[in-house]
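Hello,

Here is the structure I said I would pass on. My notes on it follow below.

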Amino acid sequence: MICREIEDQLPLYLEDLLAPKEKGLLEEHLSVCPFCRQRLADSKKTEEILKDLEEVEAPPFFEERIMARVREEAGEKKSFLQKLFFPIRIKVPIQALTTVLIAVLAVYLYQQNEPEIKPNLIPPPPYQEPAKGSGPTDFSPAPQPPKVVLPARPAPEKDLIKKEPEAFAPAPPAADIREGTRKEKATGPLEEEKPAIEKPGGPIRAMKDKEDVSPRLSAFTRGSERVEKQEAGSGFETSSLERKGERVLAQKKALAREEKAGRSSSPVLSKGEGTRNDRPGTVEVIVLARQMEQAVREIEERLIRMGARVIEQKHLAGKAFLKTEIAVPQIGVLLDTLEGMGKVIFNQKTLEGQEGQVILTIQILTYPNPDQPEPK
Amino acid sequence: MDAQNGSIEDDSCFVTRCRQGEVEAFAPLVRRHQKKMLNLAYRMIGDYEEACDVVQEAFLAAFRSIKTFREEARFSTWLGSIVLNESRNHLKKKAGRLRLEEKSLDDPETIKMNDLNGFSSPEPSALERLEKSDRERLVQTALQTLDQEQREVLVLRDLQGHSYETIGLMLKVPLGTVRSRLFRARNSLKDKLVTLRGV
């Protein structure tokens with residue numbers, strides 16, 4: 001064995017990895033070759049030196065540094081979809097945009113399918129023409145669509161009183177009318193009007209003729225009801241209509257009584273008023289007072305306390321007139337008061353058949369000497 | 001003898017999970033082999049900071065190519081090969097700028113050497129009389145003076161404890177070559193040590 005051959009086997013010899021035969025040959029060579037022995041020793045020494053070296057330690061957070069780069073490396077490999085939706089800077093705007101689009105679509109679809117809401121107007125009652133020839137007074141307008149026909153007058157009541165005082169019938173208490181209705185004997189037109197009576201009006205008879213009774217309608221006249229429903233805010237006119245209707249009814253009653261009694265209702269001293277069939281009754285009384293002015297004042301005060309309404313007051317030469325609306329039962333009380341002032345001239349028969357309110361005209365004359373004979 | 005941290009079976013489990021896309025399964029592999037790889041890179045490069053960088057790159061390279069790793073081999077062997085490659089690349093980039101902290105023999109710190117009588121000398125050698133830190137620095141310096149092939153076998157065998165077969169696989173050379181390189185490498189290192197400090 002030569003030295004050159006030893007070189008390859010010396011590391012194995014050191015590790016005792018040679019076969020026994022090769023090992024024997026190597027040891028035999030070493031015994032005679034100092035050079036190889038030196039090289040074997042050097043090799044062994046070097047090995048020991050190297051093995052004696054201490055291992056260096058990894059720096060702090062070395063693993064974390066490596067894994068951070070590894071994760072970064074892994075993040076770059078995400079799919080397109082993952083890149084699209086993972087980053088917040090992309091995901092949030094996309095989600096916000098999607099939400100807005102969905103909201104817009106929902107509103108659009110709702111508006112397309114939203115049912116048309118129309119105002120549920122109350123259909124006007126069917127218009128019905130009033131019966132022909134029925135109308136002494138046409139409180140309802142001519143056959144026209146249900147619209148307001150009455151003129152918009154601020155105080156029609158007063159105007160009526162002034163212009164047609166004898167024709168004006170103030171609104172009686174409902175009870176009176178109903179009472180009058182109940183007391184009324186059956187006649188053709190009145191009977192027809194009974195079911196509709198509470199505030200009767202002109203067209204009542206006509207409407208009743210047609211038998212157009214709606215369960216919704218009250219006992220008010222059809223015409224007045226129609227106007228009531230159709231007139232928004234014109235309650236004054238409606239109430240005046242009602243009073244007109246009441247007056248008409250009262251006049252009809254008066255006419256019926258006259259027909260029955262066969263007499264006129266005009267008082268002795270009637271000036272022609274109240275003779276009309278459609279007007280309330282009128283009564284006159286004459287008072288011969290010593291002091292006319294004083295008597296007028298006292299009569300006014302008395303009428304006010306009694307709740308009577310002074311309609312008109314006139315002063316002429318030597319005379320004074322007071323027109324009042326008073327209930328029939330109160331006339332007796334008033335006459336007693338008047339008798340305390342002076343001489344009272346009154347025809348009791350003028351009260352017969354009178355009911356409810358009447359127009360009482362009080363004529364006050366000056367009678368200086370109560371001993372003078374009564375004027376005729 | 002092969003000094004391996006962790007069992008092969010454990011490495012295979014984490015490697016499998018990494019191959020399936022589980023990134024965090026790579027962390028245990030890093031934890032187990034980071035020190036050994038760092039020492040391998042440090043002994044090859046000779047600079048601690050540069051060795052840290054090289055090892056990071058080596059682990060990244062291993063992660064990138066984890067799916068190409070054949071699971072019948074050892075992960076540590078495969079990873080060591082990557083570290084050696086990264087180290088070679090690094091040294092090439094440095095283009096022969098090895099930092100040798102050689103000290104002249106006239107350096108006052110140079111310790112007079114006794115005659116080297118091999119391992120049988122009863123008296124401690126000059127190297128042995130050095131402080132440990134100085135000794136290690138001297139050895140490392142001597143390693144850097146060796147050519148790359150000798151350095152690799154020395155580091156893999158005497159420092160890393162790999163078997164001749166493993167070294168052959170890592171360096172892709174036959175076993176005979178590994179042995180002859182190792183013998184020559186040790187003698188060369190010895191001569192360098194004598195030249196630097198005296199052994």
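**Aromatic rings and a surface patch**

F26(B), F59(B) and F63(B) are joined into a cluster by ring pairs. Please keep in mind that this is a predicted model.

Over all chains, a search of the whole structure gives 6 aromatic pairs. One of them is edge-to-face: the ring centres of F26(B) and F63(B) are 5.3 Å apart, with the planes at 75°. This pair links distant parts of the chain, as F26(B) belongs to helix α2 (residues 26–45) of chain B and F63(B) to helix α3 (residues 48–64) of chain B, 37 residues apart. F26(B) has a relative accessible area of 0% and is buried. F63(B), at 7% relative accessibility, also counts as buried.

The pair of F75(B) and W78(B) is tilted, because the ring centres are 5.7 Å apart and the planes stand at 50°. F75(B) and W78(B) are 3 residues apart in helix α4 (residues 75–94) of chain B, so about one helical turn separates them. Both F75(B) and W78(B) are buried.

Y164(B) has charged side chains over its ring. R157(B) lies over the face of Y164(B), 4.4 Å from the ring centre, and the charged end of R179(B) sits over the ring of Y164(B) at 5.8 Å from its centre.

In chain A, L105(A), Y108(A) and L109(A) make a nonpolar surface patch of about 310 Å². Of these residues, L109(A) is placed in helix α6 (residues 88–113) of chain A. L109(A) counts as partly exposed because its relative accessibility is 43%.

Regards

Technical notes. Residues numbered from 1 in each chain as written. Chains lettered and ligands numbered in written order. Predicted model: local features only at pLDDT ≥ 70, side-chain atom pairs only at ≥ 80, totals over all residues. Heavy atoms only, no water. Patch = residues over 30% accessible without salt bridge, like charges linked within 9 Å, V, L, I, M, F, W, Y side chains within 5 Å. Areas by Shrake-Rupley, 256 points an atom, 1.4 Å probe, with all protein chains shown as cover. Salt bridge = Lys/Arg side-chain N within 4 Å of Asp/Glu carboxyl O. Helix = DSSP H or I, 4+ residues; strand = E, 2+ residues; numbered from the N terminus. Buried < 20%, exposed > 50% of the residue type's maximum accessible area, 1.4 Å probe, protein only. Phe/Tyr/Trp six-rings, centres within 6.5 Å; stacked < 30°, edge-to-face > 60°. Lys NZ or Arg CZ within 6 Å of the ring centre and 35° of its normal.
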